[in-house]
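Here is a brief report on selected packing features. Please keep the sequence and structure in view while reading.

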Amino acid sequence: MAEEGAGGREYGTGHRLVGKNYPTPDLVAKVTGQARFAEDHRAEGMLYCKLLLSPMPHARVRRIDAREALALPGVKAILTADELPPPADALTDNGTVIKANPKGERALTMEPLYRGEPILAVAAVDELTAAEAIERIHLDLEPLPFVIDPLETLRPGGPNPRTDGNIWVRRPAPPASPGGPAPSTPPPEVGELKWTAADFAAAGPGQLPTGKTPEEWSHGDLEAGFQRAALVLDETFVTPDTSHQTLETRSALAYWQNGKVHVFTGTQSTAQTVPAIARWLNLDPADVVLVSEYTGGGFGSKITAGISLVIPALLSRKAGAPVMMRISREEETYIGRARPSLRGRLRVGFTAQGRISAVDMLVICDNGPYDAVGDAASAGRIVSLLYQPEAMRWRGATVLTNTPPRSAQSAPGGMQGIVLMEPIVAKAARRLGLDQVAIRRLNCPEGKAPFGPEVQGRRAHVTSAFLKEALDRGAEQFRWKERVARTPRRMGTRVRGVGVSLSCYVGGSIGFDGLLLLTPDGRVHFQSGIGNLGTESVVDVHRVGAEILGVPWERCEVIWGDSSRNLPFTCVSGGSQTTHAMTRAAHATAMDARAKLQRIAALTLGGGPELYEVADERVFRRGGGASLTLAEAAQHAIRLGGPFDGHELSPDLNKVTRAAAAALAGRGLVAAAKDAYPRDGVTHSYVASFAEVEVDVETGKYRVVDFLAFGDVGSVIHPRALGGQMLGRSVLGMGHALGQRWVFDPHYGALLSTRFHHSKPPTILDVPTRMQWGALDIPDPETPVGARGVGEPPVGGGCASILNALSDALGDEVFRRAPVTCDAILAALEAGRPMQPPLEAHV
Amino acid sequence: MAVIRDVMAEFELFQPSSVADVLRLLAEHGKDAWILAGGLDSLDWLKDRLRRPRAVIDLGGVEELRGVTETGDGLSIGATTTLTEVVQHPVIRRRYGLLSRAASLVASPQIRNQGTLGGNLSQDARCWYYRAGWPCYRAGGNVCYADSPVGRNREHAILHADRCVAVNPSDTAPALIALGARLVVQGPRGERVVEAEDFFVGPDVDITRLHALGPGELLTAVRLPAEWADRRFYFEKVRDREVWDFALLEVASAMSLAGDRIERIRIAVNGAAARPLRLPQVERAVRGLPASAATGELAGTLAVEGAVPLRFNAYKVPLMRNLVKRAIGGVPEAPWPS
């Protein structure tokens, strides 16, 4: 079936299920409202929890007087930070201990580091009682110095966000003792970074100072690159802080039963959230039951659900009753995570032909007060990959501030890197008289393109890149040349402009497990540990298994969303890795099932396994003759036992998978396999993004007239879901151009944009009605199914293509930070120069 | 006392079925009473626990407050008529298109289905300091947080600020001023009818509210005179998002022409000050002039005289100038092929 908006293209040529549309099994529940999200669950005797949030951006809680609150009828328990279990170390699958960060974020605190940080929680018989109890609590707070602007804390004598500094410092791991276990990674420490007055004075008006940074890498001869350049641009740009704004806030219900904690919440990753909860609560993962059937959006803020769900779990234990914690939109704005803004200064050299000969990139990441996000480093890696500069230096500092904690948000760092780089490429093309598509075609990665610094004499490389083809196909579908040539560009008060952007992000990991059960009724049960985060990968990847086994989709069932239902070791759904990682695991598992079916046929019907084929719900002898139905084969598997029905398992499976498979043993044919397929390179997906805008120069208002995202995302698994990701994530990026942001009052360290109508995520009416997408459908050569992930790669292009279309319409002297709202445009057009405050945080 | 901005505090709910009962309840409960219509403004205040009325008087059951009736001289619109009903009413669409256009740009379809015309007119300021419970002038304190050296005031006033720099958020208010509407207010001393422009007050008159309703008074209806029906109308709202957003600035005008010359005009803007501003200086200056771009330029320049921008809202000066200009001179069409 061809998809609307997809250029009439059909996908999945030669496949039965892969590349085809189908109604997903969660569809009806979602559109009819029957789907049960965390807040929809109820438990007998359930209490409600409310949070007391810090009114100050940095303070020490000297005393909590909760006597009046506890005296209120209906108040059952109050939880404070000293009742939290100590932060627990994490153990990786290869046995390395990651030491807990004693200065990392916890669910409650006695030293709030941002305004809105939870200090304590109250459980009561209803929310009204809990709220009134909060109001009866007296806090004695000692205000401490604070800072919300990363450049302010870098100034000499500038305030520090934490009592001991403004950056994280990581000491190297101690050397391993000969023959001993791998040494544990020590926790990071807080240090101080200050730039000199001379650094600030030397920056020049509106330019980011370039003081020393804790991190740096380079490759190639930077100075030679700049010498070769016909054009060198040196630009400062600021990207916005944006809350994840999931429609479902991070509410959770928890209760304890027979020593186990049962948690109901929305998470991006079902299987992997269990060990996370166990770590936060200092429990054995076997004592955690997680139910997360539906998740109302994550975008990186709920990769393994939020640390905040510790609160109802501990309150429940303390009160001896189930506790529901419903998070309001304002609370979500504080604790719900956000993308960090990057301030970037990039010096970029272009040859006369437009080839990027050198990039000197410095970025400052506004991290918030807690654990460091990787956006600064990702921005450098993605710029290095996506524009293939002949020489590059990256420098970065991730600076702590008293603002709500950041986390990965769709294409973390990559999105910001693209947004820092793209306007420079667009400007260079105008200066050099080059077509915008042509200059990107000249610089973009191809094949096993290298990226990043040299490590031990080698640079990393990608599995494959066909971005040139995506640019060509996208330009054709968007009628790029026709739009560029169209005149007049201005009619009345309205000006049109077109923009193109490259975009990419990581798109896959390896090494996870799959698990399926073929029952004696001939049905296949796929055990899915993937979270149902709205991308449909929770179900989509299992179409691969059904296709390999020749089973009609109607005879398959996908089990998801409940950790007590025997789910295998699965990747987290973050970093757009799921479709790649879990189609590989699904492939390996289906091949294991097929081999077992062939062996069962051989044992039952005679001959060697290689004589048998699996198709059309049968195992049959090649060329005709004896056969078994899958139902009969499942009965034989139970009779034969051992490796066939899950009683003997492959030793390379993860212990999580082994436990799940053992629980299924004896119920039919059990197939379980680890993805051990080779891979050469780091998997990324790529997008060419095209936008046309129309600006009214008398109001500064603009609208996005048209948009197209064309993807190089490997084999297409599910076109409709892919289209949803290509365009949905593009819109997430567009929000960063159109108006989404944080606004702070710097004097009080207070976030002002706490509601949707302040922070302004884009609505359906802010984007074109009929956006288009397409995909090359070229298999990635380094994975058996050919599919790569796609969630994050479109985000950067969604934003940057609009920025580039705006400067095409209005010229280069209009904006120097995103978002670009009508006030910025109108003020700049009036003044003839950019009028946005160049570097100030949170305006 | 710690602060929580969630969960409505308890109150007693009254659901009267007549205006007389509403007035009686208002008299009975005095300062403890709160009038609830669509709830789009009220429920924010209540759920943030910043307003704690003891008696909430729900107008939803008062039939006489609802609906549109034709009168000898135009239309009468009940105060609890929903914005969607205002948008869709055939006579309003046909003869008072300015109002249906303005109402159609309020917030979002869901909010227009629930929100009422009276509520849209009498809603409170949306300044994010004030609405977050900061103890500012408007809240009875002695500071304006938005008008401070680092205050965030992109959405705030450029005209007639007096201690407070909040703006009036109503989209229908400037349209009603341009249409010469009169608002019917009932109270303890009976009924009074006020010109739409006189219904709104700035901080110089009363810094604690945006309208002129006295104690125990209720806005019951909006009367649209026939005099300003069927004129040449212009309405433009500039906002960040195309739905679910307050105006950064908006203009409404009704014009009668003799040939190409402006015979009479009423023009108002909102988003510039704490009250919707009728622009009499513009109305006077353009009378008798052609409705042209040049007249628009003159009008725009006059409109912004005396504007005092804050740190982040200087853009509102050219924006108001250009919107007034367009209201008079029109906007050239730009029909590109898409």
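This is a predicted model: local features need pLDDT of at least 70, side-chain atom pairs count only at pLDDT 80 or more; totals for chains, interfaces and linings use all residues.

## Helix 20 against helix 22, chain A

Two packed helices are described by the angle between their axes and the distance between the axes. Helix 20 of chain A spans residues 719-738, and helix 22 of chain A spans residues 794-810. Their axes come within 6 Å and cross at roughly 50°. That angle is why helix 20 of chain A counts as oblique to helix 22 of chain A. The crossing of these two helices is right-handed.

Helix 20 of chain A brings A:Met726, A:Arg729, A:Ser730, A:Val731, A:Leu732, A:Gly733, A:Met734, A:His736 and A:Ala737 to the contact. From helix 22 of chain A come A:Pro794, A:Val795, A:Gly796, A:Gly797, A:Gly798, A:Cys799, A:Ile802 and A:Leu803. By class, the residues of this contact are 10 nonpolar, six polar and one charged.

## Helix 18, chain A

Helix 18 of chain A runs over residues 630-640. Its buried residues are A:Leu630, A:Ala633, A:Ala634, A:Gln635, A:His636 and A:Ala637.

What do these buried residues pack against? The partners in chain A are strand 25 (513-518), helix 17 (578-605), strand 29 (618-621), strand 30 (627-629) and strand 31 (669-674). After helix 18 of chain A comes A:Gly641. The phi of A:Gly641 is positive, near 60°.

## The three-stranded sheet, chain B

Chain B holds an open sheet of three strands in the order 1-3-2, with parallel pairing. Strand 1 (12-14) and strand 2 (33-36) of chain B are the edge strands, each pairing on one side only. Neighbouring strands of this sheet are turned by 25° against each other on average, direction ignored.

Strand 3 of chain B covers residues 55-58. Strand 3 and strand 1 of chain B run parallel, joined by three bridges. B:Leu13 has B:Val56 in strand 3 of chain B as its bridge partner. Helix 1 of chain B (residues 19-29) lies across strand 1, strand 2 and strand 3 of chain B. Helix 1 of chain B runs at about 170° to strand 3 of chain B.

## Where chain B touches chain A

How many residues does each chain give to the contact? Chain B gives 35 residues, and chain A gives 44 residues. On the chain B side, helix 13 (residues 316-329) supplies the largest share, four residues. The side of chain B that touches chain A has 20 nonpolar, four polar and 11 charged residues.

Key: Residues are numbered from 1 along each chain as its sequence is written. Chains are lettered from A and ligands numbered from 1 in the order in which they are written. Axes are lines fitted to C-alpha atoms, for helices over the stretch in contact, and angles run from 0 to 180 degrees between N-to-C directions. Angles under 35 degrees count as roughly parallel, over 145 as roughly antiparallel, 65 to 115 as roughly perpendicular and the rest as oblique. A crossing is left-handed if the near helix is turned anticlockwise from the far one by less than a right angle, and right-handed if clockwise. Two residues are in contact if their C-beta atoms, placed from the backbone, lie within 7 Å. Ala, Val, Leu, Ile, Met, Phe, Trp, Tyr, Cys and Pro count as nonpolar, Asp, Glu, Lys and Arg as charged, and the others, Gly among them, as polar. Two strands pair if DSSP finds at least two bridges between them. A residue is buried if 20 or more other C-beta atoms lie within 10 Å of its own, exposed if 12 or fewer, and partly exposed in between; C-beta atoms are placed from the backbone.
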